[in-house]
Each structure stands twice: as C-alpha cells, then as structure tokens.
Amino acid sequence: MKDVYILAIESSCDETSVSIVKNGCEDIATATNTQIDVHTIYGGVVPEVASRLHLENITLVIEECLKKANMTVDEVDAIAVTYSPGLLGSLLVGVEAAKALALCYNKPLIKVNHMMGHICGNNIGQTLEYPLLSLVISGGHTDLIYMKEEGSFEYLGSTLDDAIGECFDKIARILGMPYPGGPSIEKAAREGKDAYTMPKLLDDETYNFSFSGIKSHVNNMVHNAHQRGEEINKNDMAHSFQNCVTDALLSKCEKAVINLGVKNFAVAGGVAANKFIRGALNDMCERHDVKMFVPEFRYCTDNATMIGAAAYILYRANKFSDFSINASSHEELDVTDFSKN
Ligand code: KG4
Ligand code: ZN
C-alpha cells in the first residue's frame, strides 16, 4: 500500500495543534500553539478566550506545520480533525478550518473523536496490541475501555463526577499552585511525604471512579487550617492526594486486568504524563505479566499527532465524513465511528 499522509487538526481545548502523520505511526511534523500562559492568569481555561485564540492562530499553525514538513496541502491524502468532545467554540475553529482545507484542495475529510485520538497516540512509534484494556485519564475523562480488537469498544467504567485531571487542576488551585494543576502537583508531591489522611475513594464492584469526595476533603482541610491560622504543608498535601488517586486508579485497573485476563494495557490522556502514576501502573502490569503501552510524554497531553494516528485507522476503513459534520461538546466514543465497514 502506498504511504498515507494525513494532515490533522486538534483544537478541542487550549492547544491549537496541527500535525502531518505518515501511515498513522510517524510524526512527520507538528506545530502547536499553547494557550497555557494566557489561561494561567485566570487559573483555568476560559472557553471564550480559548476559541478566540484558536481563531487567531489556526492559519499560522497550519502554515508552520507544512513548512516544518516541507510539504504542501496538495501532497497530503486526507484532512482530519477533532470534532468531539471538548469546548464547543474551540472545536468549531478546527472543524471549520479542516472543512475549508478539504474543500479547497479536494481532499477527503475525517472526523476524529478526541478520546480515540488519545488512545491512538500510543501508535506513534509503537503498535498497540489487542485485546487491550485502555485507561484514558485526562482533564475531561476517566474511562476504562476494553478493546477486543482495533475498532471495537466496550466502556467498562467512567468517573461518576469529576475527571481525574480536573481534580488535579482544582486541588492545585486550592493549594495556590499554577494552572495546569497536574504538573504542579506532581512536582510538589516529589518534595513531600504521605502526611495527610485522605478518604477512601470509590471501592465497589464496578469499574467506575469518583473524585469529587477527595476534592471536597482537601478543600475542607485547607479552609479549616486557614481558619485556625495553621499552615498547610503543600508538598505533603500534594503527595498524599497523588497517592490516594493513584491507588484508586490502580485498584480498578488491576481488577479489570484480573477479571478480563487481558495481556495488553494502554494508558492515555494528559494525566498519563504523570511519572508517579505511570510507574504505579507499570508495576501493576509487571506483577500480572501484562504489556503496558504509554505514549511518549509529548503525545500524552493534547496534540494533533494522536488525531492523525486515529484518522489513519478510519482512512483504512473508508470512514470519511461529509461537509455536514459539526462540532459537539460531549459526544461519546462511538463504535460506529471507528469500526471497519
Ligand atoms: O489530555 P489533556 O491534555 O486534555 C484533555 O483532553 O483534557 O489533559 C489535560 C489534563 C489537565 O487536567 C492536566 O492538569 C493534566 O492533564 N496533566 C497532568 C499532568 N500533566 C498534565 N496530571 C497529572 N500529572 C501530570 N504530570
Ligand atoms: Zn485530551
């Protein structure tokens, strides 16, 4: 089969990212404009500001990526774009840019679910093996998904309230640490010890998660200490918090590994950049003789390369989209999006 080059666009949250991906596994060139500095001022992503910045930057980022790749749009085989889930205004900028490119250059258009993108980020530089248990941990999701084969999905469980990344961000904010909270907490936790008691997180027979309890718990501890004029040791608090949420992930993943008897396990999403969590999951996999897949750090947080990797699977399955596609803030990963014809 001839080589397939896909130009992919990702703009679901606060990164405007464009990538050219070869055969779903090789990052030819990626350009990303991150808005983190702007959102840090507000302590989190401001949707209206995010879409405005995407709009200002999308054309520049597309041009930068093509320049880096030394390619023209004429030379790519398809245009791919994240259409859901994410911030509606932000997604729309990417979707409209992709449609314009596809229309002007007469290229097929491929819509990609962002969560599928995160999982497929694991195909860059390595190849996922099936049956596969997949843990997607990001700012918007905490999902355990069983994939019998490429293109089949079974949701085993999800968070019942906050996503784990959202929880990292909120705890960081409570502790006065900068956005995004995940890297701030991880750094602080390295300097701390397990000194604070944390609640036992959802420990039932399901594969679901719950993180709202720990968020309230930390919030109450910090406020009570503040009212009593006591100091909170932020590093210790970050350490105890990170240990607690890692235990919650571990126990549900280990249960799924045992019950399903899977031998492949993939972690994906921004929180997968956390070395402590990666390490704990890796130890669990080693104990059960399971092969663990985790993306390179730069493919954990939002990026267009993972969207190009996912789009390649759809390209091979002839799953092209027409110009009626729209952005959607909350669409679940749908088997029909992904499965072969
Ligand atoms: O996948 P992602 O870039 O965007 C979404 O799709 O949500 O994930 C962003 C989330 C944020 O909540 C951020 O705090 C978290 O990933 N994150 C981390 C780390 N790096 C990013 N969480 C924990 N430890 C990290 N090192
Ligand atoms: Zn994401």
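Colleague: How do you know that ligand 1 sits in the largest pocket?

Modeller: First, a caution: this is a predicted model. A molecule sits in a pocket if more than half of its atoms lie within 2 Å of the pocket's grid points. Ligand 1 is reported as sitting in the largest pocket, so it meets that cut-off.

Colleague: What makes a residue part of the surroundings of ligand 1?

Modeller: One of its heavy atoms must lie within 4 Å of the ligand. For ligand 1, 20 residues surround the molecule. The closest are H118, G139, D169, E186 and D302.

Colleague: Why is the pair between H118 and ligand 1 called a polar contact?

Modeller: The cut-off for a pair of N or O atoms is 3.5 Å. A polar side-chain atom of H118 lies 3.0 Å from an oxygen atom of ligand 1. That distance is within the limit, so the pair counts.

Colleague: How much of the accessible area of ligand 1 does the protein cover?

Modeller: On its own, ligand 1 has 550 Å² of accessible area, and the protein covers 89% of that.

Colleague: Which elements give two or more residues to the shell around ligand 1?

Modeller: They are α4 (114–120), α5 (164–174) and α6 (181–191). The largest share, 4 residues, comes from α6. By class, the shell holds 5 nonpolar, 12 polar and 3 charged residues. Glycine counts as polar here, so G139 belongs to that class.

Colleague: What is the volume of the largest pocket, and what lines it?

Modeller: The space in it is about 1,100 Å³. The lining has 39 residues, and C13, S138, G139, D169 and Y179 are the closest to the centre. α4, α5 and α6 each supply at least two residues of this lining. Here the largest share, 6 residues, comes from α5. The lining divides into 13 nonpolar, 16 polar and 10 charged residues.

Colleague: What is known about the second largest pocket?

Modeller: Its volume is about 150 Å³. It is lined by 13 residues, and N23, G24, N123, T127 and E150 lie nearest its centre. The classes are 6 nonpolar, 5 polar and 2 charged.

Colleague: What makes N23 stand out in its backbone?

Modeller: Its phi is near 50°, a positive value in a residue other than glycine. Most residues other than glycine have a negative phi. N23 is in the loop between β2 (15–22) and β3 (26–34). N318 also has a positive phi, near 55°. That residue is in the loop between α10 (304–316) and α11 (335–338).

Colleague: Why is the peptide bond from Y130 to P131 worth a look?

Modeller: Most peptide bonds are trans. The one from Y130 to P131 is cis, with omega near -5°. P131 lies in the loop between α4 and β6 (132–137). The bond from Y179 to P180 is cis too, again with omega near -5°.

Colleague: Where is P180 found?

Modeller: In the loop between α5 and α6. Its partner in the cis bond, Y179, is among the residues closest to the centre of the largest pocket.

Notes
Residues are numbered from 1 along each chain as its sequence is written. Chains are lettered from A and ligands numbered from 1 in the order in which they are written. This is a predicted model: local features need pLDDT of at least 70, side-chain atom pairs count only at pLDDT 80 or more; totals for chains, interfaces and linings use all residues. Side-chain values use heavy atoms; hydrogens and water are left out. A polar contact is a pair of N or O atoms within 3.5 Å; within protein, one must be able to donate a hydrogen and the other to accept it, and residues adjacent in sequence count only if both atoms are side-chain atoms. Accessible areas come from the Shrake-Rupley method with a 1.4 Å probe; for residues, only the protein chains shown count as cover. On a 1 Å grid over the protein atoms alone, a cavity is a set of points where a 1.4 Å probe fits but cannot get out, and a pocket is an open set with protein on both sides within 12 Å along at least five of seven lines; lining residues have an atom within 4 Å of a point. Grid points are joined across faces, edges and corners, and a volume is the space filled by probe spheres set on the points.
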